[in-house]
Amino acid sequence: MILVYVCPGCQAVRIVSRRKEVPCTVCGQKMEQSDLTFLEWSDMNPDERQRYGVRWCAQRSSG
Ligand SMILES: [Zn+2]
């Protein structure tokens, strides 16, 4: 199963197959699983993925 993870530190978005700890390849912080599915992710272009990461982090910090 492929999951979409977001880095709360630098808003990076990437896909990983399920595992416990997902370190960010950019800043090394622990990434968190997002609600985005792999299919939704594959429909997005790099710009949209970046915007998704930014939005996800904003929602996360606002609770
Ligand atoms: Zn990061």
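**Exercise 1. Work out how the contacts and the overall dimensions describe the fold of this protein.**

Solution. Begin with the contacts: of those in the protein with a separation of 6 or more, 42% are between residues 24 or more positions apart, where two residues are in contact if their C-beta atoms, placed from the backbone, lie within 7 Å. The model is a predicted one, in which local features need pLDDT of at least 70 and side-chain atom pairs count only at pLDDT 80 or more, while totals for chains, interfaces and linings use all residues. Residue numbers start from 1 along each chain as its sequence is written.

Next, list the elements: there are 2 helices and 3 strands, and along the sequence they follow the pattern β-β-β-α-α. Helices (H or I, at least four residues) and strands (E, at least two) are DSSP runs, numbered from the N terminus. The radius of gyration is 11 Å, close to the 11 Å that the globule rule gives for 63 residues, so the protein is as compact as a globular protein of that length; this radius is taken over C-alpha atoms, and the rule is 2.2 Å times the number of residues to the power 0.38. Along its principal axes, the C-alpha trace spans about 25 × 25 × 20 Å.

**Exercise 2. Determine which face of helix α2 is turned towards the rest of the protein.**

Solution. Helix α2 (residues 46–62) has 17 residues and reaches 25 Å from its first C-alpha to its last, close to the 24 Å expected from 1.5 Å times one less than its number of residues. Its buried residues are Arg-49, Gly-53 and Trp-56, a residue being buried if 20 or more other C-beta atoms lie within 10 Å of its own, exposed if 12 or fewer, and partly exposed in between, with C-beta atoms placed from the backbone. Seen down the axis of α2, these buried residues fall within an arc of 65 degrees, so they line one face of the helix; the arc is that of the directions from the helix axis to the C-beta atoms.

The buried residues of α2 pack against β1 (2–6), β2 (13–17) and α1 (38–43). On the other side of α2, the exposed residues include Asp-47, Arg-55 and Gln-59. Gln-59 counts as exposed because it has 9 C-beta neighbours inside 10 Å.

**Exercise 3. Trace the contacts of Val-6 across the protein.**

Solution. Leaving aside residues up to four places away in sequence, Val-6 touches Gln-11, Val-13, Met-31, Glu-32, Ser-34, Gly-53, Trp-56 and Cys-57.
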